[in-house]
Amino acid sequence: MMRLFVSALEPSANIHLRSLALQLNAVAQRNDTIYEIVGIFDREVFKDCDCINAQAAYNLSDFAAMGFIDVIKKVFFYKRINQEMIQVASACQKALLIDSSSFHIPLAKGLAQLKHKPEVIYYILPQVWAWKSWRAKLLERICDRLCATLPFELNLYPNAMKQQKIHYVGHPLLDELGITNAQSPNTESFTTKPLVQRANGGIVFMPGSRKGEIKRMFPLFAMLAKEFQGIQKILVLPEHFRTLNQNALKTIYGADIESFQISFDATHELTSCRFAFICSGTATLQAALLQTPFVLVYRMRKLEFYIARAFVRLNVIGLANILYQASNLEVPGRGESRLHEELIQDDLSVENLLQAYKRFDFVAYKQKSARLISYLKHGSSQNIAEILARS
């Protein structure tokens, strides 16, 4: 039996962890072994994994924070839990840290100081290409293995490259979307409906997964939706809202929620819709990989926007745009090419959103998105499972 520590604080990280859990369970079945997993993760991730005994120490809701201000409020809580998890992980052979750099970098530092420490594996690396580039050298020093999910990240860790501590393992979204032949994409292989068949589809609206995002984005979407008369309008809600009744949803979104068809299945809706308006996040890359035409939208609190602008020096914020620039051999995030349009902060208005929809170049987008998919090559869950299973 192997004892593993896993820390996945974000909902998106746990979606990736679910694909990994299934692969790890398959490895365990082949090797006739049992994995005992402890740490912080969604308890549902390891359901139906009969070769894995998983015990989560905390719920994801304990770590929910939106923006700089919310994070500051939870600093002391994070520090206390961090010390607790160092002790938990010290009894494991390997520690898998997924995303969430503000929590996991201090955790990795604490583990590196242990006399008998687990092998520390960092999966979904912090965005050192956007800000805090010094974290690359720190991670090279405190981690035993770095698992890059973006091909261009390898060049940002030269010492790890020399020591063969960093590898491109693939991108987890390719696993989750069932894109298995990404190096030679064609319309039939990675999307249910080609763009020409989507002409009669609906319009998808995704105002974010956190209440702060929803409060800033949904009123604008409600006004925009009125411009699409006679077209189905689908509002995609986050999975963790599924248990809420209609009154609870009205409290969050307002009475205008009744104007939309409600869905909790982002992949299904993005696969068949004619167009999507998506709050910045993982869903924008998901849409690009499904070749769904969309525009990225985002609005932050003004104070947080000014703070972010002072520290993050990027021309684009969408990961699909950043990856597309890398595929064109431009500096990721600072290049000139674009896969999709971005409307953020003061540029965000009903009129600008409508114009973005009307001028969208569907033919060019199909070609560009295929290039992006080829750039990512393959999924990551099988590779990570094999790394964890290796003795």
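**Strands and pairing in a predicted model**

Visitor: How do you know that strand β6 (residues 145-148) and β7 pair?

Guide: Strand β6 (residues 145-148) and β7 are joined by 3 bridges in the parallel sense. Two strands pair if DSSP finds at least two bridges between them, so the term applies here. A strand is a DSSP run of E of at least two residues, and a helix a run of H or I of at least four, numbered from the N terminus. One of the bridge partners in β7 is Y168, which faces A148.

This is a predicted model: local features need pLDDT of at least 70, side-chain atom pairs count only at pLDDT 80 or more, and totals for chains, interfaces and linings use all residues. Residues are numbered from 1 along each chain as its sequence is written, and side-chain values use heavy atoms, without hydrogens and water.

Visitor: What makes β3 (52-56) and β7 (166-168) edge strands?

Guide: The open sheet has 7 strands in the order β3-β2-β1-β4-β5-β6-β7, with parallel pairing. β3 and β7 each have a single partner strand, so one side of each lacks a neighbour in the sheet.

Visitor: Why is strand β4 (residues 94-98) called largely enclosed?

Guide: Buried means under 20% relative accessible area (exposed is over 50%, partly exposed in between; 1.4 Å probe, protein chains only). In β4, 5 of the 5 residues are buried, so the strand is largely enclosed by the rest of the structure. K94, L96 and I98 point one way, and A95 and L97 the other.

Visitor: How do you know that strand β1 (residues 2-8) and β4 pair?

Guide: They share 5 bridges in the parallel sense, and F5 has A95 as its bridge partner in β4.
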